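Me: I'm new to this one and would like to learn how to read its helices and strands. Could you walk me through it?
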Amino acid sequence: MFREYTKALFKRVDARQLMQFKPPTLPQRIYTKTLNVDNVHYASFCQEDDWPANEHAHPLYLQMLSLPLQMQCLLDKQSPFPLLGLIHAANKVSVIDHCDLSEPFECRVRFHDVRPHNRGWEVDVMLEALQAGNLVYRAISSYLVKVKAVHVAPLGAKNDLHDDCELENRALIGEISASANTGRRYAKLSGDYNPIHLSAISAKAFGFKQPIAHGMWTLSRAVSAFVSHQDFRQSMSVKEVNCRFRKPVFLPCDIHIQQHCKTDNSVLIDVTDSNDSLVHLLASLVFNQA
């Protein structure tokens, strides 16, 4: 995605749309591409994210594989949003049917929604993947566009993912030492060479004191940690992943992955720093055990 990031440097943004009271107009174009999974690449992804041997694909692999298509969507000439400077705010993934990695995926990416945020606008980009004409996968990525505009005002308190859950029964399911080159490794896998992930020098150019881990890397590791700790890890399928990112994971660092409020088909997950005082992300999973 070097070409896309080069385009992003020279992309003109219609700031007037971002400053007005009403939401900016979203382009209607749908970006499509047929994706074939390379077994070697998928194996490298599973190794990086510590995905256990499982008859189902990692629920975030297709989302990662579609990143170049998502970037093309964000770089649409009619889009008022800058690509550089977007903050990855949330993800919602639905595995609608079994994803056969041996068969091609017809992927479609488009803008889905935009809404006011107390720091600007939050915009959704949606991926839909089909096999043999049937929808098997849907993923929505939400990005924060920071801007001072007339619509921006303090919002009422939102229900958090974990608001209805007692947090006393947390169980530690993962301790990860994220090395300084984590961002570069994941960039090589995903093609996401955003400078904030690559080195201290490039990250500082965009306002970060250190490089930060890709949000999708952190979330993928959290999902893998949960599945790895289950008795039915080889046959368990994760059907839904709903995540909101809180604080960046600065590299290098140690992080903890914890589960709580687990039922027969759902669980809540936190990723925190090694002191369990700083929350990096909150996620909920829906799964089938067999």
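Predicted model: local features only at pLDDT ≥ 70, side-chain atom pairs only at ≥ 80, totals over all residues.

Me: What describes two packed helices?
Reply: In general, you give the angle between their axes and the distance between the axes. Here, take H3 (residues 39–49) and H8 (residues 215–228): their axes lie 9 Å apart, at an angle of about 80°. H3 and H8 are therefore roughly perpendicular to each other.

Me: Which residues of H3 and H8 make the contact?
Reply: On the H3 side, look for Phe45, Glu48 and Asp49; H8 brings Trp217, Ser220, Arg221 and Ser224.

Me: Now the strands. How do strands of a sheet pair?
Reply: They use backbone hydrogen bonds, running either parallel or antiparallel. In this model, 10 strands make an open sheet with antiparallel pairing, in the order S1-S3-S4-S5-S2-S7-S10-S9-S8-S6. S1 (31–35) and S6 (171–178) are at the edges with a single partner strand each, so one side of each has no neighbour in the sheet. From one strand to the next, the twist averages 20°.

Me: How many bridges join S3 and S4?
Reply: There are 11, linking S3 (residues 105–117) to S4 (residues 120–131) in the antiparallel sense. For example, histidine 117 has glycine 120 in S4 as its bridge partner.

Me: Which strands does H5 lie across?
Reply: H5 (residues 67–74) lies across S1, S3, S4 and S5 (134–146), at about 50° to S3. H8 also lies across strands, including S2 (87–95) and S7 (237–245), and runs at about 135° to S7.

Notes. Residues numbered from 1 in each chain as written. Heavy atoms only, no water. Axes fitted to C-alpha atoms, helices over the stretch in contact; angles between N-to-C directions. Helix = DSSP H or I, 4+ residues; strand = E, 2+ residues; numbered from the N terminus. Parallel < 35°, antiparallel > 145°, perpendicular 65-115°, else oblique. Contact = heavy atoms within 4.5 Å. Pairing = 2+ DSSP bridges.
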